[in-house]
Amino acid sequence: MLPGRAEVVAMLAAFGQRSADRVPESLGSLELTWLVAEFEQRHGIELDLSDEQFGAVRTVDDAVAVLREAVLSASPGGVARS
Amino acid sequence: MDRCLLAGPADQECLRFGAPVDRAALRALVAEQAARLTAAGLRRGGTAALRLAPSLGYTAALLACWQLGAQAVLLDHRLTDHEVARAVERLAPEVLVESAHGPAAAMRGFAETDPVPVALPNGRPAATGHALVQLSSGSTGPAKVIARTAADLLRELDCYARLAEFPKAGERVVLLSSVVHVLGLVGGLLNSLHARVPLTVPERMTTAGILAAIAADDRPTTVIGVPFHAELLAGASDPPPLPQLRRMIVAGELVRPGLPAAFTDRYGVPLGTMYGMTELGVIATDLDGDLHPEAVPVHGMDVREDGGELHIAMPASPYPGLTDATRWSDGRLHTRDAGRVDPATGRVTVLGRRDSQVSIGGLKVDLNEVEHTLAALPEVREAVVVFADGAIEAYLATECAGTDGTGGTDGVTRQADAVRAALARELAAFKRPRQLTFLPALPRTATGKLVRDAAVLRAAAP
């Protein structure tokens, strides 16, 4: 199942226990780290982003795109190297 | 150095960056790095700058510098080429050590490095007897230089040894903080070598990766990191039983109220805190988490409150070449931390910063440095940088934004891209604003001062 924007916002809201409407559209590096950790827990996938890929994620929509790509490229139980 | 850090049984495990390393192997790696540094011209009293990601190679190169009696300058590997060039110009190390390998991937806990020392043409030997030089984000653009002597590092290690709750021989540490900064370097790496507490750096700095590193060994385990790491672990949805976990200790920034309880609910062990600074290392601790927000000064630490600021006895200034009575005067370090000292118990409560320094995941960033860098860009007329909701936001007045506040979508997008590209050259990623907002003019108070209230600035955004 591909992650959608709502799921990504829900994962980000858990950082600092915020409500979904308090999640900013722009993401900082800590929020992105949190998101990757949450995503890995939920989907059982290791997300091996390069520094460049990590640095290119600026918004919630960027993050949704990267995570969807990771799910699509992951072999079951394997490591996603996007 | 050999006696304090490298001595011990040859087959005793001491470090684990992926694979376990025993003391004999570490001594061999240090000898190899010392030979390379010597070949590059480093001698006793010389200077070497290390620009290496956290790794076994970094550890060996640092210890080799000290074995040779040289001064080590630590440069965070995330600094840009521009920032490194400025640091090298200012500090003039004789040798620059970089790695032939690329930097670590984003979520990796450590890198594979192969340190390569290169002699620099204009390098100078050490002007002071300091063993360690670190840079901190500066308030006026250039980084602040902070130096420590070998004796002061040994004093800090003695403080750790006196803390009954800090890990001791027979136990182990899982380190989440960078070994390039004071908490991970002294509280993690050097203390582990000194106290003979094997140190593991997780391969992956995700929740699953950290939990796997804790679970990988039965010995009593202390996790050391910054509050963000405790947030990650407290948010774990279904952690495995971890009977070996004794406690987690965090430092580097204030802990969110509610986080210690959430962590203890999840793991049944305390979330301890420490207060410290690059200049002095650990200053006060609450390792059982039952004094929060207070902490007890470590052995020998004389902390006083002066006009709401914490001052600490320190015989010499930690800032070589800088005479600034607002930072150090008359044998006292002015921490610029707002705080209280309970006169009855001597316990310290840190309330926050009194200057423009903020902490992003434990990394110190001076907002003035970010603001000065932005304001110096040709595209930017004025800049205000604020810290809100745990991230840096920048509000910029540019020529392109125009008097009507639009300047055309394409024009604003082009300018945003140009500003981001310039920032990427000049500032390390952790110092860059999360958000750039372009305005025709920045909001000002009735007396003409720039407004620095995030709510007002956000409201002014188109």
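**Close-up views of a predicted model**

**View 1. Helices α1(A) and α2(A) are roughly perpendicular to each other.** The model is predicted. Helix α1 covers residues 5-13 of chain A, and helix α2 covers residues 29-43 of chain A. Their axes come within 9 Å and cross at roughly 115°. Angles of 65 to 115 degrees count as roughly perpendicular. The crossing of α1(A) past α2(A) is right-handed.

**View 2. Side by side: the residues where α1(A) meets α2(A).** From α1(A) come Glu7(A), Val8(A), Met11(A) and Leu12(A). From α2(A) come Glu31(A), Trp34(A), Leu35(A), Glu38(A), Phe39(A), Arg42(A) and His43(A). Six residues of this contact are nonpolar, one is polar and four are charged.

View 3. Over all chains, the count comes to five aromatic pairs. One of them is Phe15(A) with Phe228(B), an edge-to-face pair. The ring centres are 5.6 Å apart, with 90° between the planes. Phe15(A) and Phe228(B) are both buried. Together with Trp34(A), they form one aromatic cluster.

**View 4. Phe17(B) and Phe110(B) link distant parts of chain B.** The ring centres of Phe17(B) and Phe110(B) lie 5.7 Å apart and the planes stand at 80°, so the pair is edge-to-face. Phe17(B) sits in strand β1 (residues 13-17) of chain B. Phe110(B) sits in the loop between β5 (95-99) and β6 (115-119) of chain B. The two residues are 93 residues apart. Phe17(B) is buried, as is Phe110(B).

Definitions and conventions. Residues are numbered from 1 along each chain as its sequence is written. Chains are lettered from A and ligands numbered from 1 in the order in which they are written. This is a predicted model: local features need pLDDT of at least 70, side-chain atom pairs count only at pLDDT 80 or more; totals for chains, interfaces and linings use all residues. Side-chain values use heavy atoms; hydrogens and water are left out. Axes are lines fitted to C-alpha atoms, for helices over the stretch in contact, and angles run from 0 to 180 degrees between N-to-C directions. Helices (H or I, at least four residues) and strands (E, at least two) are DSSP runs, numbered from the N terminus. Angles under 35 degrees count as roughly parallel, over 145 as roughly antiparallel, 65 to 115 as roughly perpendicular and the rest as oblique. A crossing is left-handed if the near helix is turned anticlockwise from the far one by less than a right angle, and right-handed if clockwise. Contact means heavy atoms within 4.5 Å. Ala, Val, Leu, Ile, Met, Phe, Trp, Tyr, Cys and Pro count as nonpolar, Asp, Glu, Lys and Arg as charged, and the others, Gly among them, as polar. Rings of Phe, Tyr and Trp (its six-membered ring) pair if their centres lie within 6.5 Å; planes under 30 degrees apart count as stacked, over 60 as edge-to-face and the rest as tilted. Buried means under 20% relative accessible area, exposed over 50%, partly exposed in between (1.4 Å probe, protein chains only).
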